[in-house]
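Biologist: I'm new to this one and would like a close look at a single part. Could you walk me through it once the structure is up?

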Amino acid sequence: MRTPSPIRRMRPVARPLITAVVTSAVALLINVATNQPGALWPWMGVVVLTVLVGILSWYEKHEQDHSKSGRTATPPGNRAVAANPFRPGEIGDGSVSRARPSAADGVAGARTVQPGPVPDRSDRRPVVFNATPLRLADVTATLDATRLWVQRVQNADGGLPTDGKGSRSCTWSTAGLVWAISETTTRCDAIWLERALTWVLDNKNEDGGVPITRRGDRSIVDATAQTLIACCRVLRDSGDENYLTAVQSLAKWLLLRQEPDAGWSWAPRAESSWTATTCFGLLALHEVGALAEQADRIGESIQAGLRWIGTTQNEDGGWGSRAGDDSRAAVTGLVGFTLARLEQRSMAQAAAHHLRDSMTDAGGWPSAVDRPTGHTVTRFGDAYGVLGLAAVGDAADDDRIAHAVANLMKSYRGGHFQYLDTIMHTWPTRDGLLALAAVVRMLEERDLE
């Protein structure tokens, strides 16, 4: 966009200044003609007011030009945007661009990216999808860059931030990110990751559940279930018996908090069952498997939860946030992923069908907003749509999934995901990791075939 010339930028103030000069001249003539000095003061007040209006008009025009030129203020908590909109690991045209070669490879102007805060690129131009097939190595490179971002923003107490770098640690966000990262790697025993999970376990409530933010807050199913999944994964790779004790305790808490209708609510016994929360509960108990002493009881609980999922499915094949709610693609994607993980292929195919039908021309799905007990929870539509379709779809969906991934990456900021028009980093990054991890599994299965 062409920058306005200085003369053009001064036009809004020119007219008020001319008016001020004319008004001053008229006031002077009246003063001379009437020989009344006191008559000059009201006119001078008008002059001053006119000049102020002119200055304000010019300032408003200046800010408009400033905004149109793309130099908008960076949202709180984010850094300024670099001139080049592309970053290593970015999926732009339906595939993930590889990391740029280092200067040692002979590329002019290349540089090594040093650890530190990742620049936000929320004002970059929208990605144009061209149906380029996804490549396993490229998606893996993006996951590597995202895991590194999560490690960089870890707080000194070991927890992971609520919203983004510098915000206070949160048990729910930490549990969710540790779980998501465990989906993206074959090893879950990195020291920094165990520090994060240990911080969550240290903040468990006396009732055995995991609180929404930290010890003393209400225990919620989402955070407890995601902590349980993370504990199972870290126990598998570390062999630390302390995690087995945590697994037993968390699994018992979930079993005792299953609602009479056999679903799970975000806040146990305080509301009706929620679809997404029931999915988290099912995924967690399925992960426990033979690790828990109450294996038979866990099997019964899973079957009861699956029956609840079946009875809440809508006629269009999708699921809403709760029983009787209109179908929401974001929730349906999570259900599809859960059913695929629990090997319920028939019902999962219905979820995939709904995701295909509800996909927008841009390649995405709208986000859903849940409000359990008055607390706003965003279900990231693009991430959960990719998650479900990648987990359930077949080879005929490959091009559609590539299209959806390209749309999802419009929310990627070179290391983390971000809800559009917000400064939220942690939650969308969790969901983005889950989605891309499902894509990796899909691509690996394609290679095996």
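Biologist: Which backbone oxygen does the side chain of Asn 155 reach?

Modeller: Keep in mind that this is a predicted model. In it, the side chain of Asn 155 reaches the backbone oxygen of Ser 167, at 3.0 Å. To find the spot, go to the loop between α4 (136–152) and α5 (171–184), where Asn 155 has its place. Who's around it? Skipping neighbours within four places in sequence, Asn 155 is in contact with Leu 160, Pro 161, Ser 167, Arg 168, Ser 169 and Arg 195.

While you have the model open, here's another place to look. The largest nonpolar core has 105 residues, and those touching the most other members are Trp 172, Leu 228, Leu 254, Leu 285, Ile 309 and Val 439. Take Leu 254: leaving out residues up to four places away in sequence, it touches Val 221, Thr 224, Ala 225, Leu 228, Trp 264, Ala 284 and Leu 285.

Leu 254 also has a part in a helix pair. The axes of α8 (residues 241–256) and α9 (residues 275–288) come within 11 Å and cross at roughly 140°, which makes α8 oblique to α9. On the α8 side, the contact is made by Val 247, Ala 251, Leu 254 and Leu 255, and on the α9 side by Ala 284, Leu 285 and Val 288. The crossing of α8 past α9 is left-handed.

How values were computed: Residues numbered from 1 in each chain as written. Predicted model: local features only at pLDDT ≥ 70, side-chain atom pairs only at ≥ 80, totals over all residues. Heavy atoms only, no water. Helix = DSSP H or I, 4+ residues; strand = E, 2+ residues; numbered from the N terminus. Polar contact = N/O pair within 3.5 Å; in protein donor to acceptor, adjacent residues only side chain to side chain. Contact = heavy atoms within 4.5 Å. Core = buried A, V, L, I, M, F, W, Y, C linked by side-chain atoms within 4.5 Å. Buried < 20%, exposed > 50% of the residue type's maximum accessible area, 1.4 Å probe, protein only. Axes fitted to C-alpha atoms, helices over the stretch in contact; angles between N-to-C directions. Parallel < 35°, antiparallel > 145°, perpendicular 65-115°, else oblique. Left-handed = near helix turned anticlockwise from the far one by under 90°.
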